[in-house]
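Dear colleague,

I am passing the structure below to you, and after it I have set out what I found when I went through it. Please read the notes with the coordinates open beside them.

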Amino acid sequence: MSNLVSEIQPIKIAISAMGGQGGGVLSNWIRDVAEAHDYLAQSTSVPGVAQRTGATIYYLEIFPEAEAKRVNQLPVLSMNPVPGDVDLLIAAELVEAGRAVQRGFVTPDRTTLIAATHRSYTVAEKEQMGNGLADSGKIMSALQAASKDCIAFDMEQLAKDNQSVISSVLFGAIAGTRVLPFKKEEFEEAIRKGGIAVETNLKAFEAAYQRAEQHMLETPEDSRQEKDLPVPQSAATPQGEALLQRIKGSFPAEVQGIVCEGVRQLVDYQDFAYAELYLDRMDQVLARDKESNFALSRETARYLALWMAFQDTIRVADQKTRRERSERIRSEVKAQPGQFVYPVEFLHPRYEEICDTLPKGLGEFMLNSGGLKKLLGGLFTHGRKLQTGKLSGYLLMYTLASLRFMRRSTLRYAHENTAIEAWLQNVLDLAGRNYALALAVSRAPRLIKGYGPTHARGMKRFNAVMKVVEQQGSSLSGVTVQELCDAALAGEDGKAFDEALAALPVATTPSDNVVEMRQSAVSA
Amino acid sequence: MAERSFKKEVQLLRKGAGEELHVEGILGVTKALLQAGVAYVGGYQGSPISHLMDVLNDAQDILGELDVHFESNGSEATAAAMLAASVNYPLRGAVAWKSTVGTNVASDALANLASGGVQGGALVVVGEDYGEGSSIMQERSHAFAMKSQMWLLDPRPNLPMITEMVEQGFELSEASNTPVMLELRIRACHVHGTFTAKDNQRPRMTVREAKANPNRDYSRIVLPPSNFLHEKEKIEGRLPAAIEYIKSTRLNEFMPGDTDEVGLILQGGLYNTVIRALNILGLADSFGNSRLPMYVMNVTYPYVDEEIIEFCAGKKAVLMIEEGQPEYIEQAVAHILRKADLQTRLYGKDVLPSYGEYQGAVVMEGVKKFLHAALPQLLGDENAEDSVAFFEPKPVSLEEDTKAEKAQLIPVKQLEGEIPPRPSGFCVGCPERPIFSAMKQVQQETGEVHVSSDIGCHLFSILPPFNLGATTMGYGLGAASGSAFNVDSDRPSISVMGDGGFWHNGLTSGISNAVFNKSNDIVVIVDNNYAAATGGQDILSSKGELENRSTQHAIEHAVKGVGVEWVQTIDTYDVGSMKDTLKEAMNTPVDGPKVIIAQNECMLNKQRREKPAFKKKVKAGKRVVRERFFVDSDTCTGDHACIRLSGCPSLTVKDNPNPLKSDPVAYVDNDCLGCGLCGANAHTAVLCPSFSRTEIVFNPSIVDRLLGGLRRSVIGFLQNRIDRRLKKYAF
């Protein structure tokens, strides 16, 4: 004989959001709809420190009032979701949706999942020196596998498109799934009652409602997937056309796209002759590439183009003076047509960069002259703010950009060109003897990034890797070089890299080798 | 100005008998205090009871109408000591704080209060910061109740019950002359529910009336010989009186079941979780009607032996469901059963986890283990074996048909390593972030130093990307926790303290201590105008003028007042000056502690004030300039050094626009407040030329228009030339 009197269960709703995403607003709306339409509702949350950008869970239970009246008791509602016992899970961000799955709040027997697929990157992801982003594709397939029904699309974008906030989009999606026993108008009523930004919120609600009704499921693009690079039908200029014909004539189909992109960027960076130099170099690589997939040619094409278009002061000035850039800024800051928008550049030119931009001889002289450095160095110890939306700043940058004509005689060019040729020679030498190693070496320039001290640090580590390659020759395994490069990108302090270097099997006498390697790194 | 305003909600506090209130737990508690005729209230903010302080603060008009005095106490110790007003007068007083940390701070005053006892009801509302969402060490308030002989209420977490227990708390306190603690768990503080109001009561005696008619009783003062008498009173008088009151008013509840063989004993606060667990196991319905009888302890200290014996007698076994450690109640129940020579088998932490929060799944598993051992037939066929659908994820392949019938088949393993942690961190534009950017840069130059951290938002410095700070010993104790390092060395240690912690105790425990002991180390005081971490409450050094509080007392004056010779106040966003000042502090020959006051306002609070003002100006046609940062995605090389010096949520990444590159580039989203840190870092750390600040002009003046037109035509002309060249050099 049991004393249980009812079989009706509450509807259990969890909202997984980050502090400041409006999870509280959404939970109030749901509560308002329920309470206004014959349901009892209870909601809880964990404010406090968790609100400071951290992940947090809002939890609601709603229960039909009619049943409470019939039994003449109040339901006992829970304050925390129980894994495997959630009817509706709303996640305001993709990784938070994944986290909810991980915690068991999404199960295939009962949970309808509404997931916003945009990413708000965590510090752990974005502080990496390379690409540390979570794999959205993997998370998406887990979401689908874990849920009974999954509605997922870029809700942040939809909110923006409607000048609204993500909570209204999520609310519309909830209504569209029809998991909750309320009519569309009843949801809308809650937004109206809230009285804030009613019109835009309702627009966003409507757009999301329609998408949820159609069970929209969009998989976000994966940033790590290699983009398809097209080979143009024809070039925009006669000189360009000649280069295009040369590419089509001498490179296999697998390599053409990436080489075209390299040429496009180098013409934009310097001129046609410079792009020809690139193709000359690529001819040599292709000649030694005996693998059917031409991996070495493709990777070398990529890193050679990027390196040849090194970011010198001339290039930076070039980028900052273009019309396309002004327009991009205007659109990013959402400027109205005609509104004045003035960028202020935070630049820190150092004495070294000034010397770099001068003709090789003069630059070297100035760099090595202690007296001059003492005299002029003081001018370059502080950062400068340059207004490129105003005349003085723009004209300075414009003049600097026009030094492009003499780039190939600058000190910086001489340095970079020597390093490029040395690296390329290594790739060519190794191609026939150890393909995997050549491939790893071809990718090593990914260590060289940034400006100033950041650039110096990357260059130092690149040189250390190249030193190992030169010392150990083709007996070295490609995997080792790959791992060295990964270690070089694993931390700014270089601890992981030093450990990886120290762990190398040593070809000659150990101590000398290490010392020499360090010295070479320092001198670089 | 607190982060959240309750100005609208506090009007609900005026509601009278019979009216229904739909409110948050904390507001319900405030209403219950007024209904109980409280004469004075106070406390110290901290999650999960920060909102209680905010509500009281916003309700000062209503409190005034009822002659209720409200203090924003300087610390939990102050709040506890304030309850001394209930010793000699029949004044009902209530204070609130975050526990156990607040109770730790308050314990000296609480112990003295509990020794002499009270005449008027004294209630301490403790927000038990335990389990999910907690930010402190995991301990129980229970021990404080036991050691000082105070009573501890742990009501079932629904609003009618919580509000009822506020009133009962005062009655119990007066019936037994003992201060009473009302424990509310995190989610109970923030639960949104419904209860029926009663009329507010004016205090029987107001504080003003008490002050006009002073009263003293030597026997209530903690000094020999009274202190010895107090101990006797506690055991022989107050404890029996409390037990009698609890029994006669049935504060603890006996819930019937349909079996006599087994039963559950539980803390009231866990009731809803236990019912849900039973419900999933098919042992209770949604209304709490359960097959297992329950003894619900809404009073978890003192124990009512007779009730426990009554409940256990005749049962084969009982399960004690008690959250946290050590298992004080379970030990007591075992003791009671043994003394009464009852053979009822006691289960508890042997089938439940011995530590950690008791959420639904954990309780469900414990109950199942208990029944398995004590009365398996109750579990039914499906549950009798180990086949109960507990959440035990098994790895499944994504290629298989994963819409399998069993709920356990969750692709959890596939997500391993794919879900990065998302701890709390500094908000967009936080003025504290630049301090740690500067410290990180200085350490890159000088080598690492020992950094002692403190409680407050600034403690986020211990997380990536800053990774700064070795210990945190308690609110305001940053400098104190670095005091052992007061020895000669070439690099001084640095300790950090917030303004909230500074006024709470840091001025004496940290700064005066450092002066007295001739420390040469560095103390950075983060002065952001509010107790930001607890929700932006005002403090002595707040810049705003308040009607009921005295503010604008500079930290620098206080520091100089206790004898600090070397003190500098720096704008936090000025990373360059911050770096220089830190280096100067490390090298100055001046003796004594070096105090750096890093000053700038909490951005959350500032935005709350300035955003509407900005919109208003734009609407009114006044010339205003909005600033935000921007990264040139062509110029950015994707090294993310800028992010490793910032961690701002607004400084994020996006796909690289260059199809040859795969590393994401830095990107500033539209939440950017233009605080300037990105630019300052780009300068001080010589990062890269990708950062620009954009100035967006609203309602331009005539001069703006003239100059703007000129700039546009010249720059436009040159950009046309560039375009012509690009057309010539196109592929």
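I begin with one residue of chain B: leaving aside residues up to four places away in sequence, Thr534(B) touches Gln45(B), Gly46(B), Ser47(B), Ser50(B) and Gly500(B). Please keep in mind throughout that this is a predicted model. Thr534(B) is found in the loop that lies between strand E19 (530–531) and strand E20 (537–538) of chain B. Is Thr534(B) buried or exposed? Thr534(B) counts as buried, because 25 other C-beta atoms lie within 10 Å, where 20 or more are required.

The domain assignment divides chain B into domain 1 (21–248), domain 2 (253–384), domain 3 (433–605) and domain 4 (619–719), and the C-alpha centres of domain 2 and domain 4 of chain B lie 61 Å apart.

Turning to chain A, its secondary structure amounts to 25 helices and 8 strands. The radius of gyration of chain A is 30 Å, whereas a compact globule of 524 residues would have one near 24 Å, and along the principal axes the C-alpha atoms of chain A fill a box of roughly 95 × 60 × 50 Å. Of the 524 residues in chain A, 50% are buried. Among the contacts in chain A between residues at least 6 apart in sequence, 71% join residues that are at least 24 apart.

Strand E2 (residues 39–44) of chain A is largely enclosed by the rest of the structure, because 5 of its 6 residues are buried. E2(A) pairs with strand E3 (residues 55–64) of chain A in the antiparallel sense over 6 bridges, and Thr44(A) stands opposite Tyr59(A) in E3(A).

The two chains meet in a contact that takes 120 residues from chain A and 109 residues from chain B. On the side of chain A that touches chain B, strand E7 (residues 341–347) of chain A gives the most, with 7 residues; by class, that side has 56 nonpolar, 37 polar and 27 charged residues. E7(A) runs antiparallel to strand E26 (residues 691–698) of chain B, and 5 bridges join them, with Pro343(A) standing opposite Thr694(B) in E26(B).

Finally, in helix H19 (residues 391–401) of chain A, the residues Gly393(A), Tyr394(A), Met397(A), Tyr398(A), Leu400(A) and Ala401(A) are buried. Seen down the axis of H19(A), these buried residues fall within an arc of 165°, so they line one face of the helix. The face of H19(A) that is turned away from the buried side carries the exposed residues Ser392(A) and Thr399(A). The buried residues of H19(A) pack against helix H14 (313–321) and strand E8 (384–387) of chain A, together with helix H25 (702–728) of chain B.

With best regards

How values were computed: Residues are numbered from 1 along each chain as its sequence is written. Chains are lettered from A and ligands numbered from 1 in the order in which they are written. This is a predicted model: local features need pLDDT of at least 70, side-chain atom pairs count only at pLDDT 80 or more; totals for chains, interfaces and linings use all residues. Two residues are in contact if their C-beta atoms, placed from the backbone, lie within 7 Å. Helices (H or I, at least four residues) and strands (E, at least two) are DSSP runs, numbered from the N terminus. Ala, Val, Leu, Ile, Met, Phe, Trp, Tyr, Cys and Pro count as nonpolar, Asp, Glu, Lys and Arg as charged, and the others, Gly among them, as polar. Two strands pair if DSSP finds at least two bridges between them. A residue is buried if 20 or more other C-beta atoms lie within 10 Å of its own, exposed if 12 or fewer, and partly exposed in between; C-beta atoms are placed from the backbone. The arc is that of the directions from the helix axis to the C-beta atoms. Domain bounds come from an automatic or database domain assignment. The radius of gyration is taken over C-alpha atoms; the globule rule is 2.2 Å times the number of residues to the power 0.38.
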